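Work through the exercises below with the sequence and the model side by side. Try each task before reading the solution that follows it.

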Amino acid sequence: MSGILDLLNSDLGKTLINGVSSQTNQPQNKTQDVLTMALPVLMQAMRRNAATPQGAEGLMSALSNKHDGSILDNLSGLFSGGVDSNVLDDGSKILGHVLGNKQPRVEQALGAKAGMDAGSVAQILKVAAPILMGVLGKQTRQNNVNSQSGIESLLGGLIQGNSPKQEQSFLESILDADGDGSVIDDVAGMVLGGNKKKGGLGGLLGGLFGKR
């Protein structure tokens, strides 16, 4: 997998989009839009959390136990008849841990761009988060990742595998908090807490919709 967004173009991704769409009663195209924006944001947030020894240890522990990738073995079964409440509860916990108090703002921003209310975005993310963790768990096993530098490298590779086709933030039309035109800085500070290096979040979010 060259990048996390390549996941959405795979058979697994199509099953994910169809299943999440059905689970949340949202159109498939809007569900795909939300996931296209949200997955790299969640990955970048996890990468920031893994930048500390404690964060990396906690993430690796989760990926080697509960989130080892086994959820991917029967996605069609997961979605048939509705996603189990335990999976949704797990998704809520993952989002709370990864995004913290920025979660509502992230959901509002994604919803505004995708033309969906924040509550529906929240439901999509709750379903998708455990599956994303499963993807990471599987990648961790396949690549024999067992250190902080290893997990950071894995996350970085999955993010950087998405080649932006245009240099603009997906939030450009709705967020420019200080009015100076530097949307990327504002998004970096607003969504992920003060990391204003243009290369990181700007490159991550820039041009995601070039693939549409």
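**Exercise 1. The nonpolar core**

How many residues does the largest nonpolar core have, and which residues have the most contacts inside it?

Solution. Keep in mind from the start that this is a predicted model. The largest nonpolar core contains 54 residues, and those with the most contacts inside it are Ile 4, Met 43, Phe 79, Leu 136, Ile 151 and Leu 155. The next step is to ask where this core comes from: α1 (11-24), α2 (28-49), α3 (53-64), α4 (75-79), α5 (85-99), α6 (103-114), α7 and α8 (148-160) each contribute at least two residues to it. Helix α7 provides the largest share, with 11 residues. As a general background, nonpolar side chains in soluble globular proteins tend to be buried together.

Now take one of the core residues by itself. When residues up to four places away in sequence are not counted, Leu 155 touches Met 43, Met 46, Arg 47, Ala 50, Leu 59 and Leu 136.

**Exercise 2. The overall plan and the confidence of the model**

Describe the secondary structure of the chain, and then find where pLDDT stays under 50.

Solution. Begin with the count, which comes to 10 helices and 0 strands, so that the pattern read along the sequence is α-α-α-α-α-α-α-α-α-α. Of the 212 residues in the chain, 49% count as buried. Among contacts between residues at least 6 apart in sequence, 74% join residues at least 24 apart.

Turn next to confidence. The chain has an average pLDDT of 77, and 74% of its residues score at least 70. Among the elements, helix α7 (residues 118-142) has the highest mean pLDDT, 93, whereas helix α10 (residues 198-205) has the lowest, 39. The stretch asked for is residues 163-212, over which pLDDT stays under 50 and for which the model has 88 contacts beyond four places in sequence.

**Exercise 3. Buried or exposed?**

Solution. Gly 3 is located in the segment before α1, and because its relative accessibility is 0%, Gly 3 counts as buried.

Leu 158 itself belongs to helix α8 and is buried, since its relative accessible area is 3%. Between the C-alpha atoms of Leu 158 and Leu 136, which are 22 residues apart along the chain, the separation is 9.4 Å.

Leu 16, a residue of helix α1, is likewise buried, with a relative accessible area of 3%. Leaving aside neighbours within four places in sequence, Leu 16 is in contact with Leu 8, Leu 35, Phe 79 and Ile 131. From C-alpha to C-alpha, Leu 16 and Leu 72 are 9.7 Å apart in space, while in sequence they are 56 residues apart.

Pro 53 and Ser 149 are 96 residues apart in sequence, and their C-alpha atoms are 9.5 Å apart in space.

**Exercise 4. Two asparagines with positive phi**

Where are Asn 25 and Asn 144 placed, and what are their phi values?

Solution. Asn 25 is placed in the loop between α1 and α2, and its phi is near 55 degrees, which is positive. At 68% relative accessibility, Asn 25 counts as exposed. Asn 144 lies in the loop between α7 and α8, where its phi is near 50 degrees, again a positive value. Asn 144 counts as exposed at 64% relative accessibility.

**Exercise 5. The largest pocket**

Which residues lie nearest the centre of the largest pocket, and how is its lining divided by class?

Solution. The largest pocket holds about 260 Å³ of space. Of the 15 residues that line it, Gly 58, Leu 59, Ala 62, His 97 and Met 133 lie nearest the centre. Helices α2, α3 and α5 each supply at least two residues of the lining. Divided by class, the lining has 7 nonpolar, 6 polar and 2 charged residues.

Terms used. Residues are numbered from 1 along each chain as its sequence is written. This is a predicted model: local features need pLDDT of at least 70, side-chain atom pairs count only at pLDDT 80 or more; totals for chains, interfaces and linings use all residues. Side-chain values use heavy atoms; hydrogens and water are left out. pLDDT is the predictor's confidence in each residue, from 0 to 100. Helices (H or I, at least four residues) and strands (E, at least two) are DSSP runs, numbered from the N terminus. Contact means heavy atoms within 4.5 Å. A nonpolar core is a set of buried Ala, Val, Leu, Ile, Met, Phe, Trp, Tyr and Cys residues joined through side-chain atoms within 4.5 Å. Buried means under 20% relative accessible area, exposed over 50%, partly exposed in between (1.4 Å probe, protein chains only). On a 1 Å grid over the protein atoms alone, a cavity is a set of points where a 1.4 Å probe fits but cannot get out, and a pocket is an open set with protein on both sides within 12 Å along at least five of seven lines; lining residues have an atom within 4 Å of a point. Grid points are joined across faces, edges and corners, and a volume is the space filled by probe spheres set on the points. Ala, Val, Leu, Ile, Met, Phe, Trp, Tyr, Cys and Pro count as nonpolar, Asp, Glu, Lys and Arg as charged, and the others, Gly among them, as polar.
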